[in-house]
Amino acid sequence: MSWNRKHLLDIESLTDEEITTVLDTARAFKAVGERAIKKVPALRGKTVVNLFIEPSTRTRISFELAALRLTADVINFTAEASSLKKGETLKDTARNLEALNTDMVIMRHSAAGAPHFLARVLNASVVNAGDGAHEHPTQALLDAFTIREKKGRIAGLNVTILGDILYSRVARSNIWCLTKLGARVTLAGPSTLVPRVFEQLGCRVTHRIDEAIADADVINLLRIQHERQRRTMFPGTGEYASLFGLNKQRLEHTRPDAIIMHPGPINRGVEIDSDIADSGRSVILDQVTNGLAVRMAVLFLINGGQGPQEITG
Ligand code: CP
């Protein structure tokens with residue numbers, strides 16, 4: 001067991017042993033989720049605040065359910081209904097949460113580094129639930145968990161991440177996570193969204209989709225992050241779909257056992273054909289299921305939990 005952290009702010013600073021500890025702990029929590037009684041008292045008496053200053057479906061619900069399954073008290077904070085709308089600063093908002101003896105703050109924010117700032121000004125543990133285009137650590141952990149579950153290993157696999165890499169926090173966290181665990185990572189998409197500078201992170205970069213998917217064991221599709229792009233990066237979604245979307249013809253030129261992943265939300269008919277999203281090759285909903293176990297593991301470990309053996313007894 002290797003975990004001694006108060007916060008989870010990124011994947012970049014984690015060791016491969018720490019990542020493996022989260023994945024092993026999540027496997028134990030997944031087994032708990034398959035029991036008749038799915039709750040454990042690991043966070044009884046603790047208060048968890050979901051501080052989401054940017055929209056979310058999967059991550060917010062998953063963290064809320066994870067905290068409830070661990071028997072924590074949960075507060076869901078939405079920016080639109082808060083005094084942030086009246087000009088209150090993030091620091092003052094956070095200090096008010098601290099005044100209520102909050103133990104953990106799970107934060108999503110459009111600004112890279114916002115959770116790191118919060119971790120400096122609060123005594124509570126902080127978990128990054130996505131900060132701008134920087135990192136989305138629990139997404140990478142649940143993706144790694146899903147790959148390991150479906151393929152039995154991560155080291156030595158060819159993983160292709162296809163789409164808007166430049167503006168994607170999911171891509172950055174996945175690159176850190178998968179390369180630390182020994183996978184070969186290929187990045188592909190339009191040259192405007194997949195710059196060669198990513199080779200410095202130990203990835204292969206290509207702008208030819210057929211080359212990127214031919215040998216892949218895992219194909220992870222990303223949507224175009226329109227909300228973060230500062231200028232037009234390609235002519236239109238129709239052209240993107242025809243040049244880089246995963247469709248039936250392209251799927252025929254992939255390994256038959258290659259799995260198709262997507263962090264969601266998916267844009268059907270753009271980065272992925274609707275039929276492929278719903279096919280047996282897709283593990284998109286398995287990722288959502290596994291996200292719950294991974295987030296339970298993260299909350300458990302940052303609360304001082306002692307790893308999978310404490311859960312399985
Ligand atoms: N994958 C992901 O972060 O989805 P949400 O934006 O819905 O949380």
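Tutor: Begin with contact, which means heavy atoms within 4.5 Å. Among contacts in the protein chain between residues at least 6 apart in sequence, 73% join residues at least 24 apart. This is a predicted model, in which local features need pLDDT of at least 70 and side-chain atom pairs count only at pLDDT 80 or more, while totals for chains, interfaces and linings use all residues. Residues are numbered from 1 along each chain as its sequence is written, and side-chain values use heavy atoms, with hydrogens and water left out.

Student: How many helices and strands does the protein chain have?

Tutor: Helices (H or I, at least four residues) and strands (E, at least two) are DSSP runs, numbered from the N terminus. The protein chain has 12 helices and 9 strands. Its radius of gyration, taken over C-alpha atoms, is compared with the globule rule, 2.2 Å times the number of residues to the power 0.38. The value is 19 Å, close to the 20 Å from the rule for 313 residues, so the chain is as compact as a globular protein of that length. Along the principal axes, the C-alpha atoms fill a box of roughly 55 × 50 × 35 Å.

Student: What percentage of the residues count as buried?

Tutor: Buried means under 20% relative accessible area, exposed over 50%, and partly exposed in between (1.4 Å probe, protein chains only). Of the 313 residues, 55% count as buried.

Student: Which residues of helix α4 are buried, and what do they pack against?

Tutor: In α4 (residues 114-121) the buried residues are A114, P115, H116, L118 and A119. They pack against β1 (47-52), α3 (90-99), β3 (104-109) and β4 (125-131).

Student: Where is L221, and is L221 buried or exposed?

Tutor: L221 lies in strand β8 (residues 218-221). Its relative accessibility is 0%, so L221 counts as buried. Beyond its neighbours within four places in sequence, L221 is in contact with residues including L162, L246, I260 and M261. L221 and I161 are 60 residues apart in sequence, yet their C-alpha atoms are 6.0 Å apart.

Student: How many disulfides are there?

Tutor: A disulfide is a pair of cysteine sulfur atoms within 2.5 Å. A search of the whole structure finds 0.
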